[in-house]
Amino acid sequence: MTMTFAVEEINNSTELLPNLTLGYSLYDNCATLDIGLSAALSMASVQTESFVLQENCTGIPPVIGIVGDPFSTFSIAISNVLGLFRLPIVSYFATCSCLSDRQMFPSFFRTIPSDVFQVHAVMQILKHFAWTWVGLLVSDDDYGLHVARAFQTDFAQAGEGCLAYTEILPWGYDLDIYSKIVDVIKSSSAKVVIVFAHQMHMIQLITEVVKQNVRGLQWISSEAWTCVEGLHTPEFMPYLSGTLGIAIRRGEMPGFQNFLLNINPKQNSKEKDMVHQFWEHTFECRFAPAPAEWTEAGGALCTGHEDLQNIDTEFLDVSNLRPEYNVYKAVYALAHALDQLLRCEPGRGPFPGNSCATLHTLEPWHLLYYLEKVHFTTQFGDEVLFDENGDALPTYDVMNWQWLQNGQTKVVNVGEFKKSAFQEERIILYEHKIMWNMQFTEPPRSVCSESCPAGSRMARQRGQPVCCFDCILCSEGTISNTSDSMDCSVCPEDFWSSPACDQCVPKKTEFLSYHEPLGICLTTASLLGAFICAAVFGIFTYHRSTPLVRANNSEMSFLLLVSLKLCFLCSLLFIGRPRLWTCQLRHAAFGISFVLCVSCILVKTMVVLAVFKASKPGGGATLKWFGALQQRGTVFALTSVQAVICVAWLVSASPTPHKNIKYHNDKIVYECVVGSTMGFAVLLGYIGLLALLSFMLAFLARNLPDNFNEAKLITFSMLMFCAVWVAFVPAYVNSPGKYADAVEVFAILVSSFGLLVALFGPKCYIILLRPERNTKNAIMNRCNTKAYN
């Protein structure tokens, strides 16, 4: 009746196909392939008959297109035949994706979306609710098997989830198979079950589900059974409540209800048999002549004047037109194609020689050309056009089965899935409208493995789908900052993983700092040593005219105090973050300061020996070689050698700051690389050579009289100095990072304090605490006493 309504509406239109009347023939395939195929062949055979356009329109009318068949399997068979004649066929219910093959079915179109899009719509629902672990049940026909194939490829390749199982629902009442299928559903951890099957399959399946009392499942239905009321029973609804389903787009056809109410056996002569069957079924009567057994049983006779408005029948409910709306669009698609064909301007046509097709020369492939280019909008606001495969724009309603407290079932529209000519596929869901199964107040969880949090990676379980995995924590130095990461990424060189391994954080830096206890202690000791040197310098300056100061080579003593102060201060260059200038200066300053210090001690020792020799007969000439000028020249010459060594080292292979990441994975150790190990060894070796020479000379002069007894102090100080630096080398080599600097600073401070205390401690004691001994007589008497003994 929808087709009849659409044809009559077009024939009454002044805009679409004016002055042309469409006709139609209705065939019932009785859900049988051979009947549907026979009907298609009979219509195709009309094309071989001649048609002469006359004023009274006599003759056999041509069949310009077929609306049907509703079944995918039937459409495959019929389209294979009609494709040979290029006769357009527009189906309103065949959804198999296989029918999109243009080479096999060149004349097939449909106003219902392909199952490919239905699969996409279901996948969008799964994605929206994060359901990644689902089961799939399909019917054993082209409809179900192609859907299963599409799911197994698209669902897995898109990375949206996995199929826990795929089961095929058989035709017929095989209870054993259905029992095994329900066992699979019950044993699986998947809580979401997708069913692409027909009503008869679902009735048998849910009967077994009820028998085994399998509850707590979230069902997702295909358009084949979403709006079927045969499943809305008190027995099934406790299990099916909350079902989400894909439904054919609901449409409205203004005037259709009035058209149905005007159906009358006397007026609808073209559909006499069909209308009579409907009338007898609706009013429970029989048209004359009625069967004898009917009249004998007191059955009523139909008059044809019964009023449909007084009858409550589903047939007159136009609030939920879905397949009917697709029929309506199919008829209009053929009409628009024919209208465009007839509007062709001669000489501007699309056919050979820029010709146009006419009613006199109309061939099926002419109309096929225009049908491929159809694009119009229905009164309901829906676009109708076909893509390169003959498929309509996908538009679905998302439905929700709600079991109300009064025991009634309500199927509510809770969203839509659509694609327009200018917009990609998208789904809109109104979650506030959705009523879940009685066991849930929110969407259920259906995953094989829970999501791996940031800071971990997924490791697939052997022999399981990709959705089944274990979460492995990222190792140190690697992170994953998103959930469900496949791999942990390595942090950049200057970064390390946070404790949660979810982000890279700057590595801790390590160097001998002024702010840490060790650095504070060394800095304090260094400044203390420099202060003591300054204090001793002040004491010696103040008492410079006393015999004790004058008797101990005061000029070299002052120079020695200055050099010791420089030794204390140069240790500060080893504290703090290494810079290029500090790396270059620290060892040069250290080397030159200590050579200056040891040179002063060496000169003092040599002067002691010269004075002792000069005190003996004939030794006076020795002192002329150790005058003040010679002493200064010697110190300058010895120090200059170290300066040359430092310059050569800095020029050839200068020390540079270096970020060392080998000591600790999570730390950056800032240190100075010496550049040339040979240069550093020569620098230390030269200091050691002078120290050893001073020690040997002082050791030879250790038994001189007391007025020359500074040799003993020098001997002791050089012994301690050499011991410290001999111990320094292995300790320095084996100390990592900042501890190497600490060892060097410690050696500098200990050796400096040793020289300061050994050489100037006794003198300061006499000057400050025993001034009676700081006289010429006291010194001379002591010297004579020692000489006499």
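This is a predicted model: local features need pLDDT of at least 70, side-chain atom pairs count only at pLDDT 80 or more; totals for chains, interfaces and linings use all residues.
Residues are numbered from 1 along each chain as its sequence is written, and side-chain values use heavy atoms, with hydrogens and water left out.

Let me start with the sheet. Strands of a sheet pair through backbone hydrogen bonds, either parallel or antiparallel. Here we have an open sheet of eight strands, and reading across it the order is β5-β4-β6-β7-β8-β13-β14-β15, with mixed pairing. The edges are taken by β5 (162-169) and β15, each of which has a single partner strand, so one side of each has no neighbour in the sheet. On average, and ignoring direction, neighbouring strands of this sheet are turned by 20° against each other. When I speak of strands and helices, I mean DSSP runs numbered from the N terminus, with helices being H or I of at least four residues and strands being E of at least two; two strands pair if DSSP finds at least two bridges between them.

Strand β15 covers residues 423-429 and is joined to β14 by five bridges, the two running antiparallel. On its other pairing, β14 (residues 409-420) is joined by nine bridges to β13 (residues 395-403), and these strands also run antiparallel. Within that pairing M399 stands opposite N413 in β14. Five residues lie between β13 and β14, which form a hairpin, and in the turn G407 has a positive phi of about 90°.

Helix α5 (residues 142-157) lies across β4, β5 and β6, and it runs at about 155° to β4. Helix α7 (residues 199-212) also packs on the sheet, where it touches β4, β5, β6 and β7 (218-221), and its direction makes about 175° with that of β7. For these angles, axes are lines fitted to C-alpha atoms, for helices over the stretch in contact, and the values run from 0 to 180 degrees between N-to-C directions; contact means heavy atoms within 4.5 Å.

Next, helices against helices. Two packed helices are described by the angle between their axes and the distance between the axes. Helix α14 (residues 517-542) packs with helix α21 (residues 738-769) at an angle of about 25°, and their axes are 10 Å apart. That makes α14 roughly parallel to α21, a label that applies to angles under 35 degrees, whereas over 145 is roughly antiparallel, 65 to 115 roughly perpendicular and the rest oblique. The crossing of these two helices, α14 and α21, is left-handed, which is the word used if the near helix is turned anticlockwise from the far one by less than a right angle, right-handed being the clockwise case. Among the residues that make this contact are L518, L522 and F540 of α14 and Y739, F753 and K763 of α21. The contact of α14 with α21 divides into 18 nonpolar, two polar and one charged residue; here Ala, Val, Leu, Ile, Met, Phe, Trp, Tyr, Cys and Pro count as nonpolar, Asp, Glu, Lys and Arg as charged, and the others, Gly among them, as polar.

Helix α16 (residues 554-570) and helix α18 (residues 628-652) also pack at about 25°, with their axes 11 Å apart. That makes α16 roughly parallel to α18, and their crossing is right-handed. In this pair E555, M556 and L559 in α16 meet A628, Q631, R632 and V635 in α18, and these residues divide into four nonpolar, one polar and two charged.

I will finish with the backbone. Most residues other than glycine have a negative phi, and most peptide bonds are trans. The peptide bond from G68 to D69 is cis, with omega near -15°, and D69 is found in the loop between β1 (66-67) and α3 (72-85). Another cis peptide bond joins A288 and P289, with omega about 0°.
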